[in-house]
Amino acid sequence: MTASSEVGQLAEKISEASSGDIIELSDAFYTLPSSLKIDKEITLRSKDSKNRAELVFTGMKDSVAFEMKPKGTIRLESLILKGEQSKYAFAPLKINMASAYNLYVENCVIEDFGYVLRAYKGSFADTINFKKTIIKNCQNGIELASEDKGDYNAEMVSVDQCIFENVQNNIINFYRGGYDESTIGGSLSITNSTFMDSGKNEKNGILIKTRGIINVTIKNNTFKNNPVELVALLWGEKNNHHLNNTLINSGKIKVEEQQKRKILY
């Protein structure tokens, strides 16, 4: 099906769609005055992938362009998504996330948001996948760090062939708290991507935060002019690896055999 840029039509098409449907955006410019609710599997893509439709989110402060509900899956292809520093591109519900959600973004541009993705306690994503996508001029990037005591907010997170530019904080912050070895602890793959001019508001001086995540691969990336002490602090005792990364004026990648325990109350 096709959605025009008439205000409200895209939300209406998503509401009417069946799980698995593809909605093509035929016009050049769309205004999103309120959150799009994603509670099924939906693909949104530009009708012409070489002329990407631009979606501008104009919702209220602290609102989210794509609100992920239980069992919701969104696939964005060949789109430009713009917001404001007080708003979020993607976020699950704050409460009642009884089931997992999924997020796939390919050949897109995401810019000017407060958060690209913000997780909340009790939310969980099976898969978060960014590919061939530019993320720029955002206050925070992919923030998956709202849990503690052994819990975490996503299972499989992958970033491939992406560019992060001028993302000030939480460029990728994927966290698993506690020391429950019975949980797998999530998987993070960052490959063939470029990170530049990012991390200037990182208080702990780490660009990519992976604390407690069992499986981490950082491979074939370029880090340029990021004002941080560390690109990443990896957990050598676990399945954390880095290979063929180019670091220019961006600190270093450090491997620690054992992560310091944090007392939890």
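How many of the residues of strand β6 (residues 53–57) are buried? The notes below start there and then move to other parts of the model.

1. Basis. This is a predicted model, in which local features need pLDDT of at least 70 and side-chain atom pairs count only at pLDDT 80 or more, while totals for chains, interfaces and linings use all residues. Residues are numbered from 1 along each chain as its sequence is written, and side-chain values use heavy atoms, with hydrogens and water left out.

2. Strand β6. Five of the five residues of β6 are buried. Buried means under 20% relative accessible area, exposed means over 50%, and partly exposed lies in between (1.4 Å probe, protein chains only). Strands (E, at least two residues) and helices (H or I, at least four) are DSSP runs, numbered from the N terminus. A53, L55 and F57 point one way from β6, E54 and V56 point the other way, and all are buried.

3. Neighbours of β6. Two strands pair if DSSP finds at least two bridges between them. Strand β3 (residues 29–32) pairs with β6 in the parallel sense over four bridges, and F29 stands opposite E54. Strand β9 (residues 79–82) also runs parallel to β6 and is joined to it by four bridges. Here the bridge partner of V56 is K82.

4. An open sheet. Ten strands form an open sheet with parallel pairing, in the order β1-β2-β5-β8-β11-β14-β16-β18-β21-β24. Its edge strands, β1 (2–3) and β24 (239–243), each pair on one side only. Within the sheet, β5 (residues 41–46) and β8 (residues 73–77) are paired over five bridges in the parallel sense. L44 has L76 in β8 as its bridge partner. As background, strands of a sheet pair through backbone hydrogen bonds, either parallel or antiparallel.

5. Nonpolar cores. A nonpolar core is a set of buried Ala, Val, Leu, Ile, Met, Phe, Trp, Tyr and Cys residues joined through side-chain atoms within 4.5 Å. The largest core has 65 residues, and F66, F90 and F130 have the most contacts inside it. Strand β17 (residues 163–174) gives the most to this core, with five residues. A second, separate core has five residues, including V64, Y88, A91 and Y115.

6. F130. Contact means heavy atoms within 4.5 Å. Not counting residues up to four places away in sequence, F130 touches L103, V105, I110, V116, I135, I142, S158, V159, D160 and C162.

7. Aromatic pairs. Rings of Phe, Tyr and Trp (its six-membered ring) pair if their centres lie within 6.5 Å; planes under 30 degrees apart count as stacked, over 60 as edge-to-face and the rest as tilted. By this rule there are four aromatic pairs. The rings of Y88 and Y115 have centres 5.2 Å apart and planes at 85°, so this pair is edge-to-face. Y88 lies in strand β10 (residues 88–92) and Y115 in strand β13 (residues 115–118), so the pair ties together parts that are 27 residues apart in sequence. Both Y88 and Y115 are buried.

8. A stacked pair. Why does the pair of F195 and F223 count as stacked? The ring centres of F195 and F223 are 5.0 Å apart and the planes are at 15°, so the pair is stacked. F195 is in strand β19 (residues 194–196) and F223 in strand β22, 28 residues apart. F195 and F223 are buried, and ring pairs link F164, F195 and F223 into a cluster.

9. N226. This residue is in the loop between β22 (222–224) and β23 (230–235). N226 is buried, with a relative accessible area of 1%. A polar contact is a pair of N or O atoms within 3.5 Å; within protein, one must be able to donate a hydrogen and the other to accept it, and residues adjacent in sequence count only if both atoms are side-chain atoms. A polar atom of the N226 side chain lies 2.9 Å from the backbone oxygen of F195.

10. T133. Is this loop residue buried or exposed? T133, between β14 (125–131) and β15 (134–144), counts as buried at 1% relative accessibility. Its side chain reaches the backbone oxygen of K131 at 2.9 Å, and a polar atom of the T133 side chain lies 3.3 Å from the backbone nitrogen of C108.
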